[in-house]
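I opened my notebook to look through one model, step by step.

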Amino acid sequence: MTPHSALALLRRHTTTLALALAAASPAKAGGPALSPIAVRGDPLPGGVGVFSNFDTTFIRLNDTGRVAFLANVSGAPAGANQGVFTGTTAGTTEIALKNAPIPGGDGQFNTFTRQSIRLNTPGELVFRATLFGTSGGFTDDDAIFFHDGASLAILVREGAAAPEGTYSGFSNGRSVRLNDNSDVVFQCSLNNTDDPTFNDTLGIVLKSGASESFVAQGGDPAFGGPGDFRPAFDEDSVCLNNAAQTLFFDLYTGDGVISSNDSGFSRSAPDISALREGDALGGGTITGFNANNPQLNDSGDYAVFVSLSGVPADMNTGIVVNTVFALREGDAVPGAGPLTGSFSDHQLNNNTHVACRAFVSGATTLDDEIIVRAQPGGACTLVARENDLAPDGVSTIDVLFSTGTRLNNQGQIAFLARLNDAGDLIDAVLLYDDTLGLIELAREGDPLAGSTIQSIDANLALNELGQVAFTGALVSLGREFLALTDTLETPCAADLAEPFGQLDFSDVVAFLVAFAAMDPDADLAAPLGQFDFSDVVAFLTIFGAGCP
């Protein structure tokens, strides 16, 4: 059937169209709603004390819309001024308060390590804390705690038996990780170990149920060799996936180790040398890494920033997934130009997409920042570019922030941008979706909690529902807040014309025009790429049912 004959048939169905118009329900208009989880001055979950402000550097968001966070408080019991909490838009839950007794009663909470707070999809939580008032003084005042969604317990504690020797402390970095199967990995220091040279006094431990074992320990043979692990595991490099595999960075020592192969990433289960200094890669040789932001997905794929020698200077850095570059200095990004190698805060998802902020050459300082998504060996998608129009169609993108870019398994990317609205600089949370394109979730000046947003912090959290959690301040007395966007709405395939959010005859006309032009907006049914009566039927069905 030709497009014109299908159009004629559609026009003959005037009764069907009239009935559909009468029955159609309005489509939902606008972006997702924004709701506060907690605002400065809100009462604490126990009713005694209030929230003062919220940690702006580490927010954890799971796929049910629950957020874990560290907050300062005032007026709380026992003079507590800080605590660990979870929350949804329905309310908050106290996990632990400074000065409160720990589970079992031997000591009280002293400080919480903000970057150690981890939340999984079932709602379980882990965090590291230092203690005071313990029976062992400085020998048992460090611990990692586990909350199962109902109660809090000590997971591991300084002074307790380790897989070898005893624990003497836990990493202050981001090495505490939790997966959706309740497995926990952490970096630790050790006492009373076997090696008289003390090379084995640092390790990475995986705790899975009642099992507790070393992933790696100083002095052990390096995965794949040559040499041994030095007791120098990078505390910010440890990753854990849902298959209980880990990725970590370390330095090597011993036979066969020289200055050009003495560092690298290892992955466990099975134990492999993932990437090592001196390895051949991309026509050159690996000379270094950024150890602070490796990524590991649930298939065991890993993404790491590497530097190379033996290649032209304009292609010697990039982000590699396993052994294939996803983004490399000199690669051309369609619509933007060649990458310059300045990659920030890269992310990896289960589909091996990599996303980050980067810079391109051949541009001015007004339009050289981009947000890009790519796959190893595949094409790049330009998500946003400095000086491009913002989603409102009026403002332009003035700055793309170097931290806070987040990627989920749907390929959605959330990030903070500064917009230029006729000279007014306004920070906004933006989200890219393959179907919706680039949309705005929140901006300075939006209403929230009876006030308006004055500022937004750069670090965001994104879940699989497309929800974004972020902190900021309100106009009213600079009150800090923690907020969450609602789930994204599925676009209505029949809502093709203004006024959007209402199905009427203008949508029918828009469909006819799109169908005649063989526009993808009118290609609603299989076989995709072919415009026929099945597309007409699909449009009538969607239109008649109305949009949610």
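**Entry 1: the largest pocket**

I began with the largest pocket, which holds about 1,500 Å³ of space. I kept in mind that this is a predicted model. Rolling a probe the size of a water molecule over the atoms shows where empty space is left.

Next I asked which residues lie closest to the centre of the largest pocket. The lining has 44 residues, and the closest to the centre are Arg60, Arg118, Arg177, Gln295 and Gln347. By class, I found 14 nonpolar, 19 polar and eleven charged residues in the lining.

I also looked up the elements that give two or more residues to this lining; among them are strand S3 (60–61), strand S8 (118–119), strand S13 (177–178) and strand S29 (344–348). Strand S23 gives the most, with five residues.

**Entry 2: the sheet that holds S23**

I followed S23 into its sheet. This is an open sheet of five strands in the order S22-S23-S24-S25-S26, with antiparallel pairing. At the edges I found strand S22 (280–281) and strand S26 (324–328), each pairing on one side only.

How many bridges join S22 to S23? I noted two, and the strands run antiparallel. Leu281 stands opposite Gly284 in S23.

A reminder to myself: strands of a sheet pair through backbone hydrogen bonds, either parallel or antiparallel.

**Entry 3: the sheet that holds S29**

S29 was on my pocket list too, and I looked up its sheet next. Here four strands form an open sheet in the order S29-S30-S31-S32, with antiparallel pairing. S29 and strand S32 (380–385) stand at the edges with a single partner strand each, so one side of each has no neighbour in the sheet. The twist averages 25° from one strand to the next.

Inside this sheet, I checked strand S30 (residues 354–359) against strand S31 (residues 369–374): six bridges join them, and they run antiparallel. One detail I wrote down is that Cys356 has Val372 in S31 as its bridge partner.

**Entry 4: helix H4**

Why does the length of helix H4 agree with what I should expect? H4 covers residues 533–545, and at 1.5 Å a residue its 13 residues should span 18 Å; the end C-alpha atoms are 18 Å apart, so the two agree.

Then I listed the buried residues of H4: Asp535, Val536, Ala538, Phe539, Leu540 and Phe543. An α-helix has 3.6 residues a turn, so residues three or four places apart point the same way.

Methods. Residues are numbered from 1 along each chain as its sequence is written. This is a predicted model: local features need pLDDT of at least 70, side-chain atom pairs count only at pLDDT 80 or more; totals for chains, interfaces and linings use all residues. Side-chain values use heavy atoms; hydrogens and water are left out. On a 1 Å grid over the protein atoms alone, a cavity is a set of points where a 1.4 Å probe fits but cannot get out, and a pocket is an open set with protein on both sides within 12 Å along at least five of seven lines; lining residues have an atom within 4 Å of a point. Grid points are joined across faces, edges and corners, and a volume is the space filled by probe spheres set on the points. Ala, Val, Leu, Ile, Met, Phe, Trp, Tyr, Cys and Pro count as nonpolar, Asp, Glu, Lys and Arg as charged, and the others, Gly among them, as polar. The expected span of a helix is 1.5 Å times one less than its number of residues. Buried means under 20% relative accessible area, exposed over 50%, partly exposed in between (1.4 Å probe, protein chains only). Two strands pair if DSSP finds at least two bridges between them. Axes are lines fitted to C-alpha atoms, for helices over the stretch in contact, and angles run from 0 to 180 degrees between N-to-C directions.
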